[in-house]
Amino acid sequence: MSPTAGGGGAADAVGGPDDAVSHTEPAAVHITADLLALLVERAADADPEAENVVLDATPAGELVDPPGDLDPSTPVLTHFYFPAAAGSVSAVFGMDLGRPPGRARFLSHPRGDRRLTEEDDLAATVLVAVPPYGSEDVTAYDRRGRRRKLIVVDAHPPEEGIEE
């Protein structure tokens, strides 16, 4: 596990075992290295348009090769949902039924402002990326706009499949 990406403070990593942490110091946000790399690549490809992606987590104990020093119940951001996945459902019903609530959001700010704004979609955890879109250009926040430490985990989510 390597604390590479930008961020500060510490905060609950999307509602996990650190929920009991003081309300003045949020717990760290954990994200897999592969997911972070994919998200910053998407942000760079979308520039000058902004990216807005829903993220979800997997408990560390379910990851393949999780770091030994990470509590198994710690949520680690591992998955994202394609932003356009709900287009046809939204067109028919006028509601975004295809976008799950997710535990976190990844947003890009192409103009370079790392701060959360009133226009940003909020979630329990919000990751904001700015150009040039490297892992060090991502800052984590809680829904109140407090910075959270972003810890990059070198592990992978378990393989998933559809039962027949």
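These legends describe close-up views of a predicted model.

**View 1. The open sheet of 8 strands.** The strand order is β7-β6-β5-β4-β2-β3-β1-β8. Pairing within this sheet is mixed. At the edges lie β7 (147-148) and β8 (150-153), each pairing on one side only.

**View 2. Helix α1 across the sheet.** Helix α1 covers residues 33-46. The helix lies across β1 (29-32), β2, β3 (75-81), β4, β6 (138-142) and β8. Helix α1 runs at about 85° to β1.

**View 3. Strand β4 and its partners.** β4 (residues 104-108) runs antiparallel to β2 (residues 52-59), and 4 bridges join the two. Asparagine 52 has leucine 107 of β4 as its bridge partner. β4 and β5 run parallel, joined by 5 bridges. Here leucine 107 stands opposite valine 128 of β5.

**View 4. Strand β5, buried or exposed?** 5 of the 5 residues in β5 (residues 125-129) are buried, so the strand is largely enclosed by the rest of the structure. Thr125, Leu127 and Ala129 point one way, while Val126 and Val128 point the other way. In a regular strand, side chains alternate between the two faces of the sheet. β5 also pairs with β6 in the antiparallel sense, over 5 bridges. In that pairing, alanine 129 stands opposite valine 138 of β6.

**View 5. The second largest pocket.** This pocket holds about 150 Å³ of space. Its lining is formed by Ala50, Ser108, His109, Pro110, Arg111, Gly112 and Asp113. By class, the lining residues are 2 nonpolar, 3 polar and 2 charged.

Definitions and conventions: Residues are numbered from 1 along each chain as its sequence is written. This is a predicted model: local features need pLDDT of at least 70, side-chain atom pairs count only at pLDDT 80 or more; totals for chains, interfaces and linings use all residues. Side-chain values use heavy atoms; hydrogens and water are left out. On a 1 Å grid over the protein atoms alone, a cavity is a set of points where a 1.4 Å probe fits but cannot get out, and a pocket is an open set with protein on both sides within 12 Å along at least five of seven lines; lining residues have an atom within 4 Å of a point. Grid points are joined across faces, edges and corners, and a volume is the space filled by probe spheres set on the points. Ala, Val, Leu, Ile, Met, Phe, Trp, Tyr, Cys and Pro count as nonpolar, Asp, Glu, Lys and Arg as charged, and the others, Gly among them, as polar. Two strands pair if DSSP finds at least two bridges between them. Contact means heavy atoms within 4.5 Å. Axes are lines fitted to C-alpha atoms, for helices over the stretch in contact, and angles run from 0 to 180 degrees between N-to-C directions. Buried means under 20% relative accessible area, exposed over 50%, partly exposed in between (1.4 Å probe, protein chains only).
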